[in-house]
Protein chains: 2
Amino acid sequence: MTDSNEIKIDLPEQDIKPVDVAFLLAPGYAPVDIIGPYTSLGVLPGVNVHLVWKNTEEVVGVPNFPTRPTTTFDECPQDLDILYAGAVGTEVFEDAETLEFLADRGSRARWVAGSCTGSLLMGAAGLLRGYRATTNFQAVDLLPYFGAEYAPGNVVEDRNRITAGPATGGFEIAFRLIQDIFGDDRAREAILHAEYAPEPLFNVGTPELAGPELTARAQAQTKSMIAPLAEVAGRAAERLGITV
Amino acid sequence: MTDSNEIKIDLPEQDIKPVDVAFLLAPGYAPVDIIGPYTSLGVLPGVNVHLVWKNTEEVVGVPNFPTRPTTTFDECPQDLDILYAGAVGTEVFEDAETLEFLADRGSRARWVAGSCTGSLLMGAAGLLRGYRATTNFQAVDLLPYFGAEYAPGNVVEDRNRITAGPATGGFEIAFRLIQDIFGDDRAREAILHAEYAPEPLFNVGTPELAGPELTARAQAQTKSMIAPLAEVAGRAAERLGITV
């Protein structure tokens with residue numbers, strides 16, 4: 001069978017850069033949040049994509065996606081080009097070992113990236129204090145509990161913090177980071193390789209486009225996932241000494 | 001830690017339908033092609049998403065994504081609502097056991113879906129003969145070798161065959177199938193949950209938008225992946241008795 005490690009696009013030697021990207025792989029992680037940037041970055045020769053967790057035992061993503069980490073907190077490169085988190089299980093937001101890892105690597109990473117509630121997780125590690133940021137629409141009110149200020153937009157950049165909503169938000173973070181690290185040509189090629197020219201079946205992909213009725217229905221459907229996060233956010237504010 | 005199997009949106013009992021969806025998980029598979037539909041369908045209560053391969057030993061996705069199948073060819077439900085394949089390693093296109101499994105389940109599935117070269121794989125299993133279909137832009141010329149006729153569009157439907165390009169193509173297939181199986185409301189909610197309102201950094205996500213120079217460059221970068229597929233396509237045409 002194919003050696004999947006070898007699936008890389010062809011680039012001239014002079015365009016190849018050694019880049020380390022670590023994606024947090026935790027129980028209850030949302031593969032949909034990381035797979036866009038994982039793929040668009042990972043197929044570039046020279047780019048090492050790491051799936052990092054405490055150990056290399058299998059973790060299960062949402063809703064039932066068994067995945068094995070490729071490296072551990074201890075063995076993950078110290079100086080990352082990109083530290084990335086998507087949504088993870090609620091318990092991870094208060095896991096000291098995880099927060100310590102994120103705070104450490106995030107303090108030295110060239111870019112700190114979070115999509116969906118992954119941006120809140122970066123906040124729980126103290127990495128969004130004083131930064132403008134976004135997350136999924138159901139959770140934007142929680143940003144201040146982590147010391148962050150909500151800003152609108154598909155992708156929000158503030159200095160070296162870059163955040164977005166769920167799913168395609170990760171692709172858009174990736175294109176922006178490929179542009180920053182590799183230049184416009186690589187970003188354009190990545191967009192074409194992904195054929196990123198979406199045509200939504202219904203144009204309702206934001207609360208503004210969806211209108212109040214559909215938005216309220218969607219919020220009710222995810223309330224049982226967001227409510228525990230609100231409790232986590234309250235405790236995080238206390239821990240971080242933030243008054244909301 | 002969270003029991004990830006329990007991550008489902010809340011729906012009233014009467015809106016829940018038992019639905020089986022099988023995603024082919026093969027060596028060299030592209031997680032980016034299946035994660036969109038896997039997630040959008042999988043978070044609906046009543047929907048069982050299966051990751052299916054010959055056995056439940058770990059397979060490695062592109063570029064290095066270790067994933068464990070959740071069921072096997074033998075144990076996969078016989079009558080699927082959706083049989084789905086994204087891109088997989090080239091060798092899988094000529095693996096008799098895989099093609100036999102796809103032909104069998106595809107002959108009885110309510111929908112047969114393929115994104116990126118996953119649509120060609122369905123073709124290799126004889127499931128696209130006499131159908132209009134699409135695939136990633138680098139491979140559309142190979143469709144006739146599987147008896148399919150290329151049709152333009154982000155998503156191409158012909159009777160119960162539904163195909164698309166890579167990456168976000170899978171989301172768009174999912175929204176369309178959710179609409180078909182569950183109705184417009186569920187499709188709208190799925191689009192909002194995914195916040196599927198993309199804003200490409202550069203508007204170059206199709207060859208038409210990208211123009212000839214960028215398209216040629218992207219084609220050159222993936223030539224070493226597509227060339228082996230062209231050989232596979234030639235042999236498939238012979239096996240299927242198709243004259244191109």
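**Entry: one salt bridge to begin with.** I started with the side chains of B:E189 and A:R217, which meet in a salt bridge with N and O 2.6 Å apart. I count a salt bridge when a side-chain nitrogen of Lys or Arg is within 4 Å of a carboxyl oxygen of Asp or Glu. Side chains of opposite charge can pair when their charged atoms come close.

**Entry: ground rules.** I am reading a predicted model, so I kept local features to pLDDT of at least 70 and side-chain atom pairs to pLDDT 80 or more, while totals for chains, interfaces and linings use all residues. Residues are numbered from 1 along each chain as its sequence is written, chains are lettered from A and ligands numbered from 1 in the order in which they are written, and side-chain values use heavy atoms, with hydrogens and water left out.

Entry: I looked up pLDDT, the predictor's confidence in each residue from 0 to 100. Chain A has a mean of 96, and 98% of its residues reach 70 or more. Residues 1-5 of chain A fall below 50, and beyond near neighbours in sequence this stretch has 16 contacts in the model. I count a contact when heavy atoms are within 4.5 Å. Where pLDDT is low, the predicted coordinates should not be read in detail. The model scores ipTM 0.96 and pTM 0.97.

**Entry: the interface.** How many residues does the contact take from chain A and from chain B? I noted 85 residues from chain A and 85 residues from chain B. Together the two chains bury about 7500 Å², 64% of it on carbon and sulfur atoms; buried area is the accessible area (1.4 Å probe) that two parts lose on being put together, summed over both.

On the side of chain A that touches chain B, the elements giving two or more residues include α1 (31-42), β2 (47-53) and α6 (207-240). The largest share, twelve residues, comes from α6(A). Helices (H or I, at least four residues) and strands (E, at least two) are DSSP runs, numbered from the N terminus.

**Entry: symmetry.** I superposed the copies by least squares on the C-alpha atoms of residues with pLDDT of at least 70 in both. A rotation of 180° with 0.0 Å of shift along its axis puts chain A on chain B (RMSD 0.0 Å). That is the relation of a two-fold axis. The same surface serves both copies, as 100% of the contact residues of chain A recur in chain B. Which residue of chain A comes closest to the rotation axis? I found A:T67, with its C-alpha at 2.2 Å.

Entry: Most residues other than glycine have a negative phi, and most peptide bonds are trans. The peptide bond from A:V62 to A:P63 is cis, with omega near -10°, and A:P63 sits in the loop between β3 and β4 of chain A. In chain B, a cis peptide bond joins B:V62 and B:P63, with omega about -10°.
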